[in-house]
Amino acid sequence: MLECKNLTKSYLNKIAVDRLSLQLEPGRIYALLGPNGSGKTTFMKMVAGLVKPTTGELLYDGQPIGIYSKSRIAYMPTESYFYTYMTGVDAGKYYHDFFPDFNPDRYRQLLDTMNLDPTQKIAKMSSGMMAKLKIAVTLSRDAQLIMLDEPLNGIDIIARDKIVSTIIGSFTPEKTFILSSHLVDELEKIIDHAIFIKDGVLVMEGAAEELRMERGKSIVDLYKEIYAE
Amino acid sequence: MDFRSNIPLYLQVIADIKKKIITGQLTPGEKLPSTRELAALYQINPNTVVRVYNEMELQNLTFTKRGIGTFITEDAHRLSLLKEEMAKLLAGELVKELKDIGYTKEEFLDTVARIYDVTL
Amino acid sequence: MLNLIKYEFRKNRMVLMIIGGGLLLLQLFYMFQIFTYKEEEEFWLPMSISFLSIYALVCFFTIFILAVSNYDKELKSKSSYLIFMTPNSSYTIIFSKMLSTLFLGIATAVIITILAVSDINMLHIAIPEAESFTEMLRYILESLEIPVDKILLGALSALMIFLVYFFAIVSVVYLSITLSATFLQNSKLKGILSVALFLALTYGMGRVENLLPRLYQTPENALQAILSVLPAALFNLVVMVICIFVCGKLLEKKVSL
């Protein structure tokens, strides 16, 4: 479904993603793991079409990133990206206007579940509320590839459970999820496959269960081992 | 369910369900939650649930009615075997740990006899 | 594309309403002056006419600033995600921005022209002396064999040239901004380089325009008026199209939000 070969993105004084090669299958929940600045966000942005690679190949369903891929891929960035005039309702309308797979009823439902007032201005929302809104708007799309960049950041514990449940509830064998996070323990139980990135380079990857059995430790412990200073 | 990392997740879920069957929380013939529901309940990946149900069916503990769902078996013989299996499994783990710390069979049986009635 | 344009306008709703509101106020003020005109107290009427005239220029200035600063800010802020995540090609995206500016510019020109014409008519109706003054002016000019119609035509063609030139300049600025955000993104001098490029292109445009043939120095009729501005208009149009296409290409290949 998603394939990259020697994917590289370099900036003035840094190589954000360094010859990354991956193959992602449908029907799986992938965890993209690594500390801040390891290249997770840059990778996701390249898949989302927000950043163009420096070199290497990136294909979605066999096609380069473009209009087709953008219509099937939903990306939730870490930052707040809405226009300042927008309320929750406006954000929903925007997504409805541009994405045929957006479901307004599901959106209203999700906002309700997370106790968000759709009429409130986004600019006046707390960071926690903003985080919930982003999830709501992203998961209300019936996308084929869903990439959530730090979905649990800034969210209180109770809402985290709701979000994990929503992710689980959205899952179908045709969909693929990529969750990037450094809150690994929250995700330990729901991930199928773990991808560890360090300084833009792929360090380890494999099915979560197998990694646990081979190494005799949890993904959390593996994470600590890989990224220990 | 406490998550332990050195045992595959699906086995832990199976163990939990088996426990519920033995203690009567789940009754013979009862319908189990859907894949989605169980995943949400345990907060785990739906793929893991698929494995759970597949494995349990292989062990003849459940059966699937197409389009309806997965059900606990009503086979009484199988269910009594289950209790035995679980007991052996738990005992096996305990025995291994005790052997590791050098407990003898006699010491162990003695201790068990003393604390059995006192323990809840 | 239409949705993109819709949201371009929606983004600027506040500013547009303020500008429109200002225009409305000045227009009402002018009309008030017209209908309460007393020959002895002549001060405010000419003032309101000046206000309106200056305001017309302010409108275009504002549109220019809006278009340019919006685009620049957007490429540097996270709200660019909103646009670039949608299933639209980069060409569609930059076209929508250019088209929005075009719509806005043309609409403003039309509104101002209509207001100007009706304001002049109102002047004639309310102040009969003014009409006779205009008639007299006309008479004088015609007797001096200065063609009034041609002056008007000249004014109209000047307006059209201005518009096309205005849009071409906007597209050149878009190009500079786009370059800064794409091709030059890794360069430390990207600010200076993009400004330098803008100046170079504008200067180049000026030189080329001087070399263009001037078909009719003094147009005799409407057709000639149009033909005389045609080379410059076409040139500016070509510049605009090229700039926007290059922007699209750069965004498609090199964007890094």
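In chain C, residues 24 or more positions apart account for 78% of the contacts with a separation of 6 or more, where contact means heavy atoms within 4.5 Å. Residues are numbered from 1 along each chain as its sequence is written, while chains are lettered from A and ligands numbered from 1 in the order in which they are written. The model is predicted, so local features need pLDDT of at least 70, side-chain atom pairs count only at pLDDT 80 or more, and totals for chains, interfaces and linings use all residues; side-chain values use heavy atoms, with hydrogens and water left out.

**Exercise 1. Work out what chain C is built from and how far it spans.**

*Solution.* 
- Step 1: count the elements. Chain C has nine helices and zero strands. These are DSSP runs numbered from the N terminus: helices are H or I with at least four residues, strands are E with at least two.
- Step 2: read them in order. From the N terminus on, you get α-α-α-α-α-α-α-α-α.
- Step 3: get the dimensions. The C-alpha trace spans about 65 × 45 × 30 Å along its principal axes.
- Step 4: check the inside. Of the 257 residues in chain C, 42% count as buried. Buried means under 20% relative accessible area, exposed means over 50%, and partly exposed is in between (1.4 Å probe, protein chains only).

**Exercise 2. Decide whether Ile114(C) and Glu150(A) are buried or exposed.**

*Solution.* 
- Step 1: You'll find Ile114(C) in helix H5 (residues 90-126) of chain C.
- Step 2: look up its accessibility. With a relative accessible area of 53%, Ile114(C) is exposed.
- Step 3: Glu150(A) sits in the loop between strand E7 (145-149) and H6 of chain A.
- Step 4: see who surrounds Glu150(A). Leaving aside neighbours within four places in sequence, its contacts include Asn36(A), Lys40(A), Met76(A) and His182(A).

**Exercise 3. Find the largest nonpolar core and the residues with the most contacts inside it.**

*Solution.* 
- Step 1: know what to look for. A nonpolar core is a set of buried Ala, Val, Leu, Ile, Met, Phe, Trp, Tyr and Cys residues joined through side-chain atoms within 4.5 Å.
- Step 2: pick out the largest one. This core has 162 residues, and Phe43(A), Phe82(A), Tyr95(A), Phe196(A) and Ile219(A) have the most contacts inside it.
- Step 3: ask who gives the largest share. That's helix H7 (residues 148-181) of chain C, with 12 residues.
- Step 4: zoom in on Phe43(A). Not counting residues up to four places away in sequence, Phe43(A) touches several residues, among them Leu2(A), Cys4(A), Leu7(A) and Val17(A).

**Exercise 4. Describe where chains A and C meet.**

*Solution.* 
- Step 1: count residues. The contact takes 28 residues from chain C and 28 residues from chain A.
- Step 2: get the area. About 2,700 Å² is buried between the two chains, with carbon and sulfur atoms giving 62%. Buried area is the accessible area (1.4 Å probe) that two parts lose on being put together, summed over both.
- Step 3: look for charges. The rule finds two salt bridges across this interface, each a side-chain nitrogen of Lys or Arg within 4 Å of a carboxyl oxygen of Asp or Glu. Glu79(A) forms a salt bridge with Lys78(C), their closest N and O atoms being 3.4 Å apart.

**Exercise 5. Now sort out the other pairings: which chains do not touch, and how do A and B meet?**

*Solution.* 
- Step 1: rule one pair out. Chain B and chain C do not touch, their nearest C-alpha atoms being 28 Å apart.
- Step 2: Of the two pairs of chains in contact, A and C share the most contacts.
- Step 3: count for A and B. Here 22 residues of chain A are in contact with 16 residues of chain B.
- Step 4: get the area. About 1,500 Å² is buried between chain A and chain B, 53% of it from carbon and sulfur atoms. On the chain A side, Ile168(A), Lys189(A) and Glu209(A) lose the most area to chain B, together 42% of what that side buries.
- Step 5: Between chain A and chain B the count is zero.
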